[in-house]
Structures are given as C-alpha cells and as structure tokens.
Amino acid sequence: YISGNVKARGRSVRGLFSSMEGAGILKIKNGVLNSINPAAFATALARIETESELNSIVDGVLAKGQMSYGDLDASFTIDNGLVGTTDLRFKAESVTGQTSLVIDLNVFRLDNEWRFSFDDFPNSPPLLLLFTGPVNAPDRTFDAEGLREFLVVKTLQDSVNRLERLEEEARQRQEQKRLNEQNAQPGRPAPSANPVSSNQPATVN
C-alpha cells in the first residue's frame, strides 16, 4: 500500500519523473524476502571456525529459503525524481535489522540495502544484502566481509583461550604432583585433616 502527495511538470515521461517531488507512506503487510534464510544461517554460523566455512554457508545456507518480517511501515520523500527511505527497522526469526531504499526515477535504478544483526551474536557486525541496478532486474549480492573479520578474530581468541586453559590445567597437574611427592617422603607426617589450634592444648584421654 502506497499513499502520498506528488507533483511534477514536464513535456515527456522522463521530464515528469525528473521533476517529481513529494512525500508519502509505504505499508507492507506480512512481508517476505525470498532467497534468504537468516535463521538457518545463524545456526550454521555458531558451528563454523574458518573463513572457507563462512563462504560455504553464505552460498549453501543463507541464500536458500525465505525470511518473513511481518509488517513494515515507512515514509518516503521524492526530490527531483529521487525516491528515498532510510532506517526502516524490521524483526524476523533470529535477526533484527534495518533496510533503506533509494530509487532514481530519472534512470530507473535502485539501491536497496538490508542489514541483518544476529540475536545470538550481539557483538558481531551485520551481514549486508544489497540490491543494485535497474529497477526491474537489480543485481543481488551478500557482503559478509565484516562477519569474516569477526570470525577470524573470534577463532584467534578461541585458540588463545584454549591454550590458556590447557596451560592452567598442566600447571595444576604439576602442582598436584609436587604435593603428592612431598607428602610421600619417608618420615614426613601427612597433613592433618583437622589440625589442633596452637592456642589450645590437645586433649589426651
């Protein structure tokens, strides 16, 4: 559903579009975005560790399926044939996001960006879906560069954490071994489980 007030002047269709000005609202009910499945992608993202695996799930998981994002209300403006909306927010399974749209009626070209932030990875940068080109047949591309850099850093951090954990476990084993050897020395009494306080005399029956 589109509603608005628009005015234009010109002696040709192109002239009308290039002079078009106005504003309006756009309402989408039960919106669906095809050929993208962020919920399945989020599940797969939690299991991968390398860049090559990321490329695999972008092509093999993310681009298959569809995303339902419910209702979307947006305002738009038109200035000299340039239609624009910004910061449209949506919520879908496993993701929240924003989308923006610019259509140049002078050349019938659009630029549409979708930004997906994953609920299970609040510190990761968003995944981008871009539509660019002719209005009737725009090119569609995914931009996962930010996620790729995040994954590299996450993998390095996980490796450091794993190494630190192994070093701590080895240190604890070494300390326990030292204590065991110390307690096993001949003539050395084992530590009492309930030592008698030095401030009170021991009771002898």
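These are my notebook entries on one predicted protein model.

**Ground rules**

I am working with a predicted model, where local features need pLDDT of at least 70, side-chain atom pairs count only at pLDDT 80 or more, and totals for chains, interfaces and linings use all residues. I number residues from 1 along each chain as its sequence is written, and side-chain values use heavy atoms, with hydrogens and water left out.

**Entry 1: the whole chain**

I looked up the elements and found 4 helices and 8 strands in the protein chain. Helices (H or I, at least four residues) and strands (E, at least two) are DSSP runs, numbered from the N terminus. I read the order along the sequence as β-α-β-α-α-β-β-β-β-β-β-α.

I then checked burial. Of the 205 residues in the protein chain, 24% are buried. Buried means under 20% relative accessible area, exposed over 50%, and partly exposed in between (1.4 Å probe, protein chains only). The accessible surface of the chain is about 13,800 Å². Carbon and sulfur atoms hold 51% of that surface. These areas come from the Shrake-Rupley method with a 1.4 Å probe; for residues, only the protein chains shown count as cover.

Contacts came next. Contact means heavy atoms within 4.5 Å. Among contacts with a separation of 6 or more, 51% join residues 24 or more positions apart.

I found H2 mostly covered, with 6 of its 8 residues buried. Those residues are Pro38, Ala39, Phe41, Ala42, Ala44 and Leu45. Their cover includes H3, strand S3 (66-79), strand S5 (95-104), S6, S7 and H4.

I looked at how H2 meets H3. Their axes come within 9 Å and cross at roughly 150°. Axes are lines fitted to C-alpha atoms, for helices over the stretch in contact, and angles run from 0 to 180 degrees between N-to-C directions. H2 is therefore roughly antiparallel to H3, a label for angles over 145 degrees. From H2, the contact uses Pro38, Ala40, Phe41, Ala44 and Leu45. From H3, Leu54, Ile57, Val58, Val61 and Leu62 take part.

**Entry 2: helix H4**

I checked the length of H4, residues 145-183. Its 39 residues should span 57 Å at 1.5 Å a residue, and the end C-alpha atoms are 57 Å apart, so the two agree. The expected span is 1.5 Å times one less than the number of residues.

In H4, I noted Leu147, Arg148 and Leu151 as buried. The buried residues of H4 pack against helix H2 (38-45), helix H3 (51-62), strand S6 (109-118) and strand S7 (127-134).

For each contact list here, I left aside neighbours within four places in sequence.

Thr85 sits in strand S4 (residues 82-92). Thr85 is buried, because its relative accessible area is 7%. I found Thr85 in contact with Ser75, Phe76, Ser100 and Leu101.

Pro125 is in the loop between S6 and S7. Its relative accessibility is 27%, so Pro125 counts as partly exposed. Pro125 is in contact with Gly146, Leu147 and Phe150. I also checked Arg115, which is 10 residues from Pro125 along the chain; their C-alpha atoms are separated by 9.4 Å.

Asp143 belongs to strand S8 (residues 139-143). With a relative accessible area of 30%, Asp143 is partly exposed. Asp143 is in contact with Leu127 and Leu128. Asp143 and Leu127 are 16 residues apart in sequence, and 6.3 Å apart in space, C-alpha to C-alpha.

Definitions and conventions:
Parallel < 35°, antiparallel > 145°, perpendicular 65-115°, else oblique.
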